[in-house]
Amino acid sequence: MAELGPEPRVLTRQEASDWVFDLGWRYVLGMLLSYVPVGSLSEAARAGAQAAEATGMDADEHLSMEILPDRLMIRLQTRTDAAVTTQDVILADRITAALRELGLDTIPTSPARSVQAIEIAVDALDIAAIRPFWKAVTGYDDEGLHTGPTDSLVDPLRQGPAIWFQQMDAPRPQRNRIHLDISVPHDVATRRVEEALAAGGSLLSDARAPRFWVLADAEGNEACVTTWQGRD
């Protein structure tokens, strides 16, 4: 693996994935994600407090969590960059070590499913013209310092899926223009695609795999299974 170096910097997707893979974290859609299995809500809260303490003064800029009765969901991302930096992988290592002191593990897959992130993709001819509508109607905000007229939008509470805009070069009334992107860890993507096909879906294209696979349901509505691979 490449050296982190003394100065903070945004990592490539490959670097971020390599540094945290063996810690039980996965790089997904510009974030480091991990589950911590627990036996109760109070245990999840204690684990969250331990993670926040391990993160220290960097918590507000890097760490977010969801506390549930059976798991703690942890995310790391440098908010101002909307990306994973050297500091995020350092914090992932610290959090994993701190939680192990409680007898808890950071893992990428729960009994229900792997970590993942979902985006809504909106195809448009004039992205700058429609972006303000989607920002207003969803109550969403800019992502970090990415405030341009064609940049993605995110839920300020980090509860809903992100929205991004795909440039069209001609009108396309014959097919849907809004689809879901399901970003999954690179080591589960093939299985997710196979499960979708077994459930009645069809493969429209794997020409850009493992960056993404284009799938459709039985009526032609599209979704993409995506990974970080092939994007650096």
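Which residues does E222 touch, not counting residues up to four places away in sequence?

Reply: This is a predicted model, in which local features need pLDDT of at least 70 and side-chain atom pairs count only at pLDDT 80 or more, while totals for chains, interfaces and linings use all residues. Residues are numbered from 1 along each chain as its sequence is written, and side-chain values use heavy atoms, with hydrogens and water left out.

Leaving aside residues up to four places away in sequence, E222 touches R175, N176, H179, L180, L204, V214, L215 and A216; contact means heavy atoms within 4.5 Å. E222 belongs to strand β12, residues 222-226. Strands (E, at least two residues) are DSSP runs, numbered from the N terminus, as are helices (H or I, at least four). E222 counts as buried because its relative accessibility is 15%; buried means under 20% relative accessible area, exposed over 50% and partly exposed in between, with a 1.4 Å probe and protein chains only.

The segment after β12 contains W228, a residue that is buried at 6% relative accessible area. The structure has two aromatic pairs. Rings of Phe, Tyr and Trp (its six-membered ring) pair if their centres lie within 6.5 Å; planes under 30 degrees apart count as stacked, over 60 as edge-to-face and the rest as tilted. The ring centres of Y27 and W228 are 6.5 Å apart and the planes stand at 85 degrees, so this pair is edge-to-face. Because Y27 lies in strand β1 (residues 26-28), the pair ties together parts 201 residues apart in sequence. Y27 is buried too, with a relative accessible area of 9%.
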